[in-house]
Amino acid sequence: MDRICITTKGIALLAAIEAGICPKVDEGYNTDAFELFWSKFETELAKKRENGSHNAQNMLNNQAEDERYHRYKHRCQRNLIFKLLLSFFLGLLLMALLKLG
């Protein structure tokens, strides 16, 4: 048995014929209205798919930027804590040296 491959447009055309949107003529079916519909449908579908992938890409970029910012923020906090501890211990050392002298 042979396999038949049918496209999305073919499925939509068969549905349009069954729904009576494409009237029967001598040579088959008048598909002018369907072709007009399909050209507009494909254009809009392409735009929606492009916008959807663009939105997903923006979401991933924003998430990566947020993660980068949090790493930067933690690094700054760690450096600040290190500077504070260093200043504290140097202050203690200076006080001890002044008391000895």
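A disulfide is a covalent bond between the sulfur atoms of two cysteines. The exercises below use a predicted model.

**Exercise 1.** How many disulfides does the structure hold? Then classify Cys-22 and Cys-76 as buried or partly exposed.

*Solution.* 
- Step 1. To count, a pair of cysteine sulfur atoms must lie within 2.5 Å.
- Step 2. The structure holds zero disulfides.
- Step 3. Buried means under 20% relative accessible area. Cys-22 has 3%, so Cys-22 is buried.
- Step 4. Cys-76 has a relative accessible area of 34%, so Cys-76 is partly exposed.

**Exercise 2.** How many salt bridges does a search of the whole structure find? Describe each one.

*Solution.* 
- Step 1. The search finds two salt bridges.
- Step 2. One joins the side chains of Lys-9 and Glu-35, at 3.0 Å from N to O. This pair links distant parts of the chain: Lys-9 sits in helix H1 (residues 8-19) and Glu-35 in helix H2, 26 residues apart.
- Step 3. Lys-9 is partly exposed at 30% relative accessibility. Glu-35 is partly exposed too, at 35%.
- Step 4. Lys-47 and Glu-44 also meet in a salt bridge, at 3.6 Å from N to O. They are three residues apart in helix H2, so about one helical turn separates them.
- Step 5. Lys-47 is partly exposed at 45%, and Glu-44 is partly exposed at 40%.

Note on methods: Residues are numbered from 1 along each chain as its sequence is written. This is a predicted model: local features need pLDDT of at least 70, side-chain atom pairs count only at pLDDT 80 or more; totals for chains, interfaces and linings use all residues. Side-chain values use heavy atoms; hydrogens and water are left out. Buried means under 20% relative accessible area, exposed over 50%, partly exposed in between (1.4 Å probe, protein chains only). A salt bridge is a side-chain nitrogen of Lys or Arg within 4 Å of a carboxyl oxygen of Asp or Glu. Helices (H or I, at least four residues) and strands (E, at least two) are DSSP runs, numbered from the N terminus.
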